Amino acid sequence: MKIIQKIGILIFTLILLLPVALMNFAPGQISSVDNKALGELPTKEVPMEYRPEMLRTYVQDRIGFRNSMLKVYGNANLDLFRVLVHPSYDLGRGGHMFTEIERTQQDDTYIHHFALAVKKMQDYCESRDIPFVFMFDSSKNIVYSEYLPKGVELSTHNRDLLFQYLGELDVNYVDTSKVLTEKKKEGPVYNKEYDVLHWNDMGAFYGINETLKVLHEDFPSVFPNELEDYKLSEEGQSQLINSEIGIDETVPILELKRYEQLTGYEDMDEELYMDDNYSGFSYTENPDKDVDLLIFQGSYLNSRLDFFPNQFRDTVTVHNYENVLNMPYYYNIFRPDCVVFEVTDFTIKNDYFRFDSLKELNFAPPFDSFKDYEVKEAKQRRSQLQTEAGYSITNFLLPESGIEGDYVYLQVGDRILEMQHFSELDTYIAGIKTEELKDDNPILHFVDVDRETIYVLR
């Protein structure tokens, strides 16, 4: 009998210790079940009063079998009680899933400065005779608001205020929610359960077409896409994005029939200066078109590259947020015929577009706007300009200590490029395609607005 008791105690002890033995000790872990960053051990810099709570969270998040227990618990609640237990999702009416619905913080000052920044982007483009379109996409919360969870009141204050400011500033913008609200009567433009943070391929098709209609006014060879140009299929999905909660949904997939005729270049991003957190980039050539597009876009478009390239010769996509605030850098490299800046409603906040960056945004005017200024030799005797020659892109870098005046321009052969200030690097940068580089003796032009003088450094 004692042997049986000892065996029982041993088995019970092993059951208790097994979750501890299987703890996840690896740093920087994200849970596949609830998309949560797992707790970390406190460092010596952490004040003593915060350490017990951090240790508790560390053990709770990393204990063995956590994912399995959460998966069973979440699926059981959804199947038996129609209750969704997940930090990233809310269950709405009619079985519609929504990403976690946060209370919208009204911030009129931030919205005003965001609108002013968009206006500066438009002014930059138009001063160079380049059409600009601000493409505003609304989340599922807006387009399918009738299915939001009971008791949820959705505020559209920031959205409405942004449209008001854009109108007052005469910004050329497209609100895609109007067509999506109409088209959802014909079929889903957002999925019911799968990837509800983004529109589906049908929503992308109709939303992008609204922007193409606007661009058609400036470029007659650019047309809205036709559904007959795409192969429509369906794909089954068995679990929520960033979760292991089971679903059973079929979602629409659109594939451009002539996609194999397009040429994609994937190596340029390694030679471009981009924000480390948002480095998405694509370059697609379409030999049947004659207009070049530069588009700064978010996640609504990053995975849907079958739509804009169908209507443009060169389609360059850059992940937006901090990158769009360095628009001149990309403009000088790719020399587009038009520029689109795309955002989704839930990204218009400091987490994505830093308020200080928006407030301080200042693009250089065209160089010829200073044609009446006096020209003098620069005070510096030696240029601090550095050259990074890449296979596709050549970058020129100038530290802040090497700047005189308000704006700096770089003359390379017969082209004059604005040097864009990358504040996080304390450096001014200009880029050009290496194949266009025909002069290895660039000349710097420093513009002092107060003195109405251009200082030249050869």
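The legends below describe close-up views of a predicted model.

Local features need pLDDT of at least 70 and side-chain atom pairs count only at pLDDT 80 or more, while totals for chains, interfaces and linings use all residues. Residues are numbered from 1 along each chain as its sequence is written, and side-chain values use heavy atoms, with hydrogens and water left out.

**View 1. The protein chain as a whole.** The secondary structure comes to 11 helices and 20 strands; helices (H or I, at least four residues) and strands (E, at least two) are DSSP runs numbered from the N terminus. Of the 458 residues in the chain, 48% are buried, where buried means under 20% relative accessible area, exposed over 50% and partly exposed in between (1.4 Å probe, protein chains only). Contact means heavy atoms within 4.5 Å. Among contacts between residues at least 6 apart in sequence, 69% join residues at least 24 apart.

**View 2. Helix H4 against helix H6.** The axes of H4 (residues 108-126) and H6 (residues 157-168) come within 9 Å and cross at roughly 40°. H4 is therefore oblique to H6. Axes are lines fitted to C-alpha atoms, for helices over the stretch in contact, and angles run from 0 to 180 degrees between N-to-C directions. Angles under 35 degrees count as roughly parallel, over 145 as roughly antiparallel, 65 to 115 as roughly perpendicular and the rest as oblique. On the H4 side, Asp108, Ile111, His112, Phe114, Ala115 and Val118 meet His157, Asn158, Leu161, Leu162, Tyr165 and Leu166 of H6. These contact residues divide into 8 nonpolar, 3 polar and 1 charged. In this count, Ala, Val, Leu, Ile, Met, Phe, Trp, Tyr, Cys and Pro are nonpolar, Asp, Glu, Lys and Arg are charged, and the others, Gly among them, are polar. Gln164 also lies in H6 and counts as partly exposed at 42% relative accessibility. Gln164 and Ala115 are 49 residues apart in sequence and 9.4 Å apart in space, C-alpha to C-alpha.

**View 3. Helix H4 against helix H10.** The axes of H4 and H10 are 11 Å apart, and the two helices pack at an angle of about 30°. They are therefore roughly parallel to each other. Met121, Tyr124 and Cys125 in H4 meet Met327, Pro328 and Tyr331 in H10. The residues of this contact divide into 6 nonpolar, no polar and no charged. H10 (residues 327-334) is mostly covered, with 8 of its 8 residues buried. After H10 comes Arg335, whose phi is positive, near 45°.

**View 4. The nonpolar cores and Met327.** A nonpolar core is a set of buried Ala, Val, Leu, Ile, Met, Phe, Trp, Tyr and Cys residues joined through side-chain atoms within 4.5 Å. The largest has 52 residues, and those with the most contacts inside it are Phe114, Phe134, Met327 and Phe341. H4 supplies the largest share of this core, 9 residues. Leaving aside neighbours within four places in sequence, Met327 is in contact with Met121, Tyr124, Cys125, Phe132, Phe296, Val339 and Phe363. A second, separate core of 36 residues includes Leu180, Val189, Ile208 and Leu212.

**View 5. Thr315 in strand S10.** Thr315 is found in S10 (residues 314-319). With a relative accessible area of 1%, Thr315 is buried. Not counting residues up to four places away in sequence, Thr315 touches Ser282, Tyr283, Thr284, Leu293, Phe308 and Pro309.
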